[in-house]
Amino acid sequence: MDMKKRITLELRNRSPAEIVELVVDNSRSADGEVEGLTDAFTELEFLSMVNVGLSSLSKLPSLPKLRKLELSDNNLSGSLETLAEKCPNLTYLNLSGNKIKELSNVEALQNLKSLQSLDLFNCEITSLEDYRESVFELLPQVTYLDGFDQEDNEAPDSEADDEDENGEEGAGPTGDYEDEDDEEEDEDGSEGGEEEYDDEDDYAEEEEQAGDQGQKRKRDVDDEGEEDDDDEDD
């Protein structure tokens, strides 16, 4: 499917000004140029054109709110100066898998003052000696190159996801253990109460039995006294 038709389908009867994210991956650009995008996409913040056969960005429209641009697996080797003019607020740019060979190819990105993350995976430029040091020196505004900063710390997005997953995994068992402890305490309390009641019942039975035995002994003594009195009378 060609890029222009794909964009029309992605609109889904909405106006271009309503679109914030647009993905046209694996569609085809007939002449290696951007097709179907216009200045009407004024609210677009995320654009993905992966593997669409681009060799030039000269027809890229003005996208003033664009923050993230995915251009991996195309045939781009230059014309990157268009990005600073058309997408001045880019913070993330993925150019991995393109035909970028020299530092001069990315020099035009110096004018992207807000650019924080740049990916150049699988581009020939990565084979240059001191590649990472040179790019960081050329583009001082860039914090993350190919997913890592100058101290080889990973970009924060993936770290944040890992922390969220670990936090969710850790919360479940803790709650289960607490429930089990509460259940054990309830069981112990119930057993203790039953034992107390049993002790009280036993004590009452013993008191009752002792009372009966006392009354019996008293009757026996009275009977013996009466027999003695009869003997004295005789």
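**Close-up views of a predicted protein model**

**View 1. The side chain of Q141 reaches the backbone of L112.** A polar atom of the Q141 side chain sits 2.9 Å from the backbone oxygen of L112. The model shown here and in the other views is predicted. Q141 belongs to the loop that runs between α4 (131-138) and β6 (144-145). Leaving aside residues up to four places away in sequence, Q141 is in contact with L109, Q110, L112, K113, L115 and Q116. One of these, L109, also touches L80, L83, L93, L95, L118 and L139, again without counting residues up to four places away in sequence.

**View 2. The whole chain, for orientation.** Five helices and six strands make up the secondary structure of the protein chain. Read from the N terminus, their order is α-β-β-β-α-β-α-β-α-β-α. The protein chain has 234 residues, of which 32% are buried. Among its contacts with a separation of 6 or more, 49% are between residues 24 or more positions apart.

**View 3. The largest nonpolar core.** This core contains 45 residues. Those with the most contacts inside it are M49, L83, L93, L95, L109 and L118. Three helices, α1 (3-11), α2 (81-86) and α4, each supply at least two residues of the core. The largest share, four residues, comes from α4.

View 4. Which residues of α4 are buried? They are Y131, V135, F136 and L138. Seen down the axis of α4, these buried residues fall within an arc of 165 degrees, so they line one face of the helix. E133 and E137, on the other side of α4, are exposed. The cover over the buried residues of α4 includes α3 (103-106), β5 (117-119) and β6.

View 5. Is C87 buried or exposed? C87 has a relative accessible area of 0% and is therefore buried. C123 also counts as buried, because its relative accessibility is 3%, and under 20% is the cut-off for buried. The count of disulfides in the model is zero.

**View 6. Two loop residues with positive phi.** Most residues other than glycine have a negative phi. S79 is not a glycine, yet its phi is positive, at about 60 degrees. S79 is placed in the loop between β3 (68-70) and α2. N122, likewise a residue other than glycine, has a positive phi near 60 degrees. The loop that holds N122 lies between β5 and α4. N122 counts as exposed because its relative accessibility is 69%, and the cut-off for exposed is over 50%.

**View 7. G53 in the loop between β2 and β3.** Where is G53 found? G53 is in the loop between β2 (46-48) and β3. With a relative accessibility of 17%, G53 counts as buried. Its contacts, not counting residues up to four places away in sequence, are with R28, G32, N74 and N75. Along the chain, G53 and L76 are 23 residues apart, and their C-alpha atoms are separated by 8.8 Å.

**View 8. S58 and its polar side-chain contacts.** S58 is in the loop between β2 and β3. How far is the side chain of S58 from that of E33 in their polar contact? The contact spans 3.0 Å. A polar contact of 3.1 Å also links the side chain of S58 to that of S56. S58 and E33 are 25 residues apart in sequence, with 7.2 Å from C-alpha to C-alpha. Apart from residues up to four places away in sequence, S58 touches E33 and T82. At 45% relative accessibility, S58 counts as partly exposed.

Terms used
Residues numbered from 1 in each chain as written. Predicted model: local features only at pLDDT ≥ 70, side-chain atom pairs only at ≥ 80, totals over all residues. Heavy atoms only, no water. Buried < 20%, exposed > 50% of the residue type's maximum accessible area, 1.4 Å probe, protein only. Contact = heavy atoms within 4.5 Å. Polar contact = N/O pair within 3.5 Å; in protein donor to acceptor, adjacent residues only side chain to side chain. Core = buried A, V, L, I, M, F, W, Y, C linked by side-chain atoms within 4.5 Å. Disulfide = S-S within 2.5 Å. Arc of directions from axis to C-beta.
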